[in-house]
Amino acid sequence: MTLEADRLACRRGGRLIFSELSFRLGPGEAIALTGRNGAGKSSLLAMLCGRLRPEAGTIRIAGAADVAPVELSHVVGHRDGLKTALTAQENLAFAQALLGDPALSPGEALAAVGLPHVARLPVGYLSAGQRRRVALARLLVSRRPFWLLDEPMAALDVAAQTMLTGLMRAHLSDGGAILAATHGPLGLDGARELRIGL
Ligand SMILES: Nc1ncnc2c1ncn2[C@@H]1O[C@H](COP(=O)(O)OP(=O)(O)OP(=O)(O)O)[C@@H](O)[C@H]1O
């Protein structure tokens with residue numbers, strides 16, 4: 001399956017943020033989405049997951065024309081989307097039930113992101129980096145071909161950044177695809193850069 005964006009334009013607060021943006025993202029491919037602060041990276045991700053309507057242009061999945069891209073995507077944004085009163089394990093179980101197509105169990109996913117010891121702690125007690133790791137563990141509990149990530153390395157220490165690079169490489173090797181907004185390196189050799197902004 002290939003995600004196809006054709007001649008997208010974005011307007012926010014009455015201002016044109018970007019226009020004429022086209023790209024394709026197919027199996028095994030990674031895009032590093034770059035641009036200055038305010039260039040529209042988070043806005044593009046919001047469009048891809050159906051939360052923001054493009055001013056112009058289209059987004060579709062070739063090979064699954066009737067399916068909204070968000071149905072085939074994992075989205076990890078700036079906000080981690082975790083429920084602070086639930087434990088890390090409960091958050092992942094909830095995500096798995098919601099997203100379907102189960103892959104790793106919540107416990108296995110927490111182990112994969114180096115957090116087996118916090119499984120039973122309410123997420124509200126976790127550090128910023130630990131919370132981000134739990135948010136990223138959601139990528140592992142359900143299978144979705146497209147990973148749409150907003151600054152995925154933010155708040156991660158060096159070991160966790162290396163861990164995330166490994167998870168992304170494994171996803172690409174399995175035929176998945178990644179689009180990640182970033183101000184720094186992702187550690188993915190084959191990633192192509194998509195720079196946005198007027
Ligand atoms: N709800 C909104 N209403 C009006 N303007 C908005 C809204 N959300 C974002 N914007 C504006 O849209 C522009 C693009 O914001 P966006 O968050 O997409 O940029 P970004 O490239 O992700 O930035 P950063 O690198 O700082 O995360 C900014 O000028 C921002 O102020």
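How many nonpolar, polar and charged residues does the shell around the ligand have? It has two nonpolar, seven polar and two charged residues; Ala, Val, Leu, Ile, Met, Phe, Trp, Tyr, Cys and Pro count as nonpolar, Asp, Glu, Lys and Arg as charged, and the others, Gly among them, as polar.

The model is predicted: local features need pLDDT of at least 70, side-chain atom pairs count only at pLDDT 80 or more, and totals for chains, interfaces and linings use all residues. Residue numbers start from 1 along each chain, following its sequence as written.

**View 1. The shell around the ligand.**
The ligand is surrounded by R12, G13, I17, G35, N37, G38, A39, G40, K41, S42 and S43. Helices (H or I, at least four residues) and strands (E, at least two) are DSSP runs, numbered from the N terminus.

**View 2. The sheet of five strands.**
This open sheet has the order β5-β6-β7-β3-β8, with parallel pairing. Two strands pair if DSSP finds at least two bridges between them. Strands β5 (73-76) and β8 (192-195) are the edge strands, each pairing on one side only. From one strand to the next, the twist averages 15 degrees. Axes are lines fitted to C-alpha atoms, for helices over the stretch in contact, and angles run from 0 to 180 degrees between N-to-C directions.

**View 3. Strand β3 and its two partners.**
Four bridges join β3 (residues 30-34) to β7 (residues 177-181) in the parallel sense. In β7, A30 has I178 as its bridge partner, and A32 has A180. Strand β3 also pairs with β8 in the parallel sense, over four bridges. There, L33 has L194 of β8 as its bridge partner. In a regular strand the side chains alternate between the two faces of the sheet.

Strands β1 (residues 2-12) and β2 (residues 15-25) pair over seven bridges in the antiparallel sense. The bridge partners in β2 include L25 for L3 and L21 for L8. The hairpin of β1 and β2 has two residues between the strands, and in this hairpin G13 takes a positive phi near 55 degrees. G13 is also one of the residues that surround the ligand.

**View 4. Helix α4 and its packing.**
Helix α4 (residues 128-141) lies across β5 and β6 (146-150), running at about 175 degrees to β5. From first C-alpha to last, its 14 residues reach 21 Å, close to the 20 Å expected at 1.5 Å a residue. The expected span is 1.5 Å times one less than the number of residues. Of the 14 residues of α4, 12 are buried, and the helix is mostly covered. A residue is buried if 20 or more other C-beta atoms lie within 10 Å of its own, exposed if 12 or fewer, and partly exposed in between, with C-beta atoms placed from the backbone. Among the buried residues are R131, R132, R133 and R138, as well as V134, L136 and L139. The buried residues of α4 pack against β5, α2 (88-99), α3 (106-112), β6 and α5 (158-173). Contact between two residues requires their C-beta atoms, placed from the backbone, to lie within 7 Å.

**View 5. G114 and its contacts.**
G114 is found in the loop between α3 and α4. It is partly exposed because 15 other C-beta atoms lie within 10 Å. Leaving aside neighbours within four places in sequence, G114 is in contact with R133, A160 and M163. G114 and M163 are 49 residues apart in sequence and 8.5 Å apart in space, C-alpha to C-alpha. R133 is one of the buried residues of α4.

R7 is found in strand β1 and has a phi near 50 degrees, a positive value in a residue other than glycine. R7 counts as exposed because it has 12 C-beta neighbours inside 10 Å. D101 lies in the loop between α2 and α3. Its phi is positive, about 45 degrees, although D101 is not a glycine. With 10 C-beta neighbours inside 10 Å, D101 counts as exposed.

Methods:
A residue is near a molecule or strand if its C-beta atom, placed from the backbone, lies within 6 Å of it.
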